[in-house]
Amino acid sequence: MEDLVYKIPTISIIIPVFNIEYYLDRCIKSVQKQTYQDIEIILIDDCSTDQSPTICDKLASNDRRIKVVHHQTNKGVSAARNTGIKLATGEWIMFVDGDDWIDPDAVEQLYQRIQEYCDVVVATYTWEREGESKQASPVGFEEHIYKSTDRKKYLLGLCLVRPVEIPETFPEDMLKCPTFGGPISKLYRKSFLIKNRIIFPTNIKFGEDRVFNLEVMYYARSVQFFNKSIYHYYIRTGSALNSELSICFDKRSAHIKAIYLFMHKYSLTQCLSIYYNYCCFINIRETIQYICMSLNSIHTYFLAWGEIKHILNSSIYRGAINNLQIKNIQAIRDKVILSFLKMRWTFAILFICWTYYTVYNNRNRLTIV
């Protein structure tokens with residue numbers, strides 16, 4: 001009889017699902033096999049057209065901890081995560097993407113670090129691509145907890161840049177913190193999210209998790225960091241996501257506008273200016289990189305030239321490029337690119353990036369292997 005009594009779980013793990021049939025089983029089973037078992041698993045099928053819905057339903061039929069929701073229309077990953085937040089009954093929430101996986105003790109490691117008044121627990125993660133693994137954050141820092149009221153500027157900065165990229169603006173003890181742009185490898189206190197009405201924005205399709213975490217860092221009472229990789233972020237070469245990035249200038253602009261509005265809403269424009277400017281620069285650089293990855297003819301070369309000029313003429317980016325100082329950039333490559341952007345040497349930027357991905361074709365994330 002006791003087995004029939006439903007127990008409210010401590011942790012709700014939310015997994016958005018959309019056309020990932022080849023990876024989904026690995027992801028869900030890594031969650032099912034956690035050493036910490038007081039969990040519920042919420043699968044939000046966002047109107048998948050492959051076998052993902054069937055896989056979700058089959059796994060749910062054999063595990064009462066799994067809840068499955070099938071969206072009738074494709075609403076996007078933000079709406080899927082927001083649905084999961086509404087359905088979650090646990091005290092804490094964890095997000096896992098359906099093509100990634102987590103270590104067997106991932107949940108236990110996060111849960112053990114919870115302290116009083118802590119609203120977020122942050123671990124690090126590992127990039128996985130074609131058999132290559134690389135930890136996303138530096139190693140060697142000690143566990144620590146920051147009160148957001150004392151370190152708000154730097155915690156918000158972690159959402160916009162990696163501290164090793166502009167280290168002179170970060171205190172020494174934050175240089176080795178994990179980045180905070182995405183929702184993965186973290187625990188969020190659900191009551192904290194509900195109280196402050198923090199959800200993923202559904203009006204932008206790129207960088208929505210960064211905007212979510214800016215709100216989190218603004219309201220959090222304290223944030224616990226610890227240096228252990230518990231999550232495996234899988235980069236799918238040639239995937240729809242990577243391919244889309246080469247043509248998503250409008251989506252990236254919407255993302256930057258959302259950050260700009262956030263800063264103005266909370267009067268943070270001055271204290272976050274260098275991080276915002278650098279975030280704009282990275283968006284331009286990545287857009288150029290993905291455009292160059294997709295070049296395959298002289299015709300597309302000149303189309304790309306026109307697209308980059310269009311980017312540099314955009315008012316939302318022009319001010320950031322003008323205001324960002326080269327001395328504040330750490331990487332030599334970025335110093336060179338920023339110098340060219342300031343002088344609007346579009347052709348030179350395009351040629352250098354195109355040459356790089358021609359010589360090092362194995363680093364082209366749009367190449368299908």
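The buried residues of helix α3 are covered by elements that include strands β1 (11-17), β2 (39-45), β3 (66-70) and β4, together with helices α6 (190-195) and α7 (208-219). Helix α3 itself spans residues 77-87, and eight of its 11 residues are buried, so the helix is largely enclosed by the rest of the structure. The buried set consists of Ser78, Ala79, Ala80, Arg81, Asn82, Thr83, Gly84 and Ile85.

These descriptions refer to a predicted model. The protein chain contains 14 helices and 10 strands. Of its 369 residues, 56% count as buried. Among contacts in the protein chain with a separation of 6 or more, 79% are accounted for by residues 24 or more positions apart.

The mean pLDDT of the protein chain is 86, and 90% of the residues score at least 70. Confidence is highest in strand β4 (residues 92-95), at a mean of 98. Strand β4 is also one of the elements that cover the buried residues of α3. The lowest confidence in the chain falls in helix α8 (residues 240-245), where the mean is 48. Over residues 238-243 the pLDDT stays under 50, and for this stretch the model has 12 contacts beyond four places in sequence.

Two helix pairs were examined for their packing. Two packed helices are described by the angle between their axes and the distance between the axes. In the pair formed by α10 (residues 273-293) and α12 (residues 315-323), the axes lie 8 Å apart and the packing angle is about 115 degrees. Helix α10 is therefore roughly perpendicular to α12. The crossing of these two helices is left-handed. On the α10 side the contact is made by Tyr276, Asn277, Cys280, Phe281, Asn283 and Ile284, and on the α12 side by Ile316, Tyr317, Ala320, Ile321 and Asn323. By class, eight of the residues in this contact are nonpolar and three are polar, with no charged residues.

The second pair consists of α13 (residues 332-343) and α14 (residues 346-359), whose axes come within 8 Å and cross at roughly 150 degrees. Because of this angle, α13 is roughly antiparallel to α14. Ile337, Phe340 and Leu341 of α13 meet Ala348, Ile349 and Ile352 of α14. The residues of this contact comprise six nonpolar, no polar and no charged.

Two individual positions were also considered. Valine 161 is located in the loop between α5 (148-160) and β9 (186-189). Its relative accessibility is 4%, so valine 161 counts as buried. Leaving aside residues up to four places away in sequence, valine 161 touches Ile166, Phe170, Tyr275, Tyr278 and Cys279.

Glycine 306 is found in helix α11 (residues 298-312). With a relative accessible area of 39%, glycine 306 is partly exposed, whereas valine 161 is buried. The C-alpha atom of glycine 306 is separated by 8.9 Å from that of threonine 346, a residue 40 positions away along the chain.

Notes: Residues are numbered from 1 along each chain as its sequence is written. This is a predicted model: local features need pLDDT of at least 70, side-chain atom pairs count only at pLDDT 80 or more; totals for chains, interfaces and linings use all residues. Side-chain values use heavy atoms; hydrogens and water are left out. Axes are lines fitted to C-alpha atoms, for helices over the stretch in contact, and angles run from 0 to 180 degrees between N-to-C directions. Helices (H or I, at least four residues) and strands (E, at least two) are DSSP runs, numbered from the N terminus. Angles under 35 degrees count as roughly parallel, over 145 as roughly antiparallel, 65 to 115 as roughly perpendicular and the rest as oblique. Contact means heavy atoms within 4.5 Å. Ala, Val, Leu, Ile, Met, Phe, Trp, Tyr, Cys and Pro count as nonpolar, Asp, Glu, Lys and Arg as charged, and the others, Gly among them, as polar. pLDDT is the predictor's confidence in each residue, from 0 to 100. Buried means under 20% relative accessible area, exposed over 50%, partly exposed in between (1.4 Å probe, protein chains only). A crossing is left-handed if the near helix is turned anticlockwise from the far one by less than a right angle, and right-handed if clockwise.
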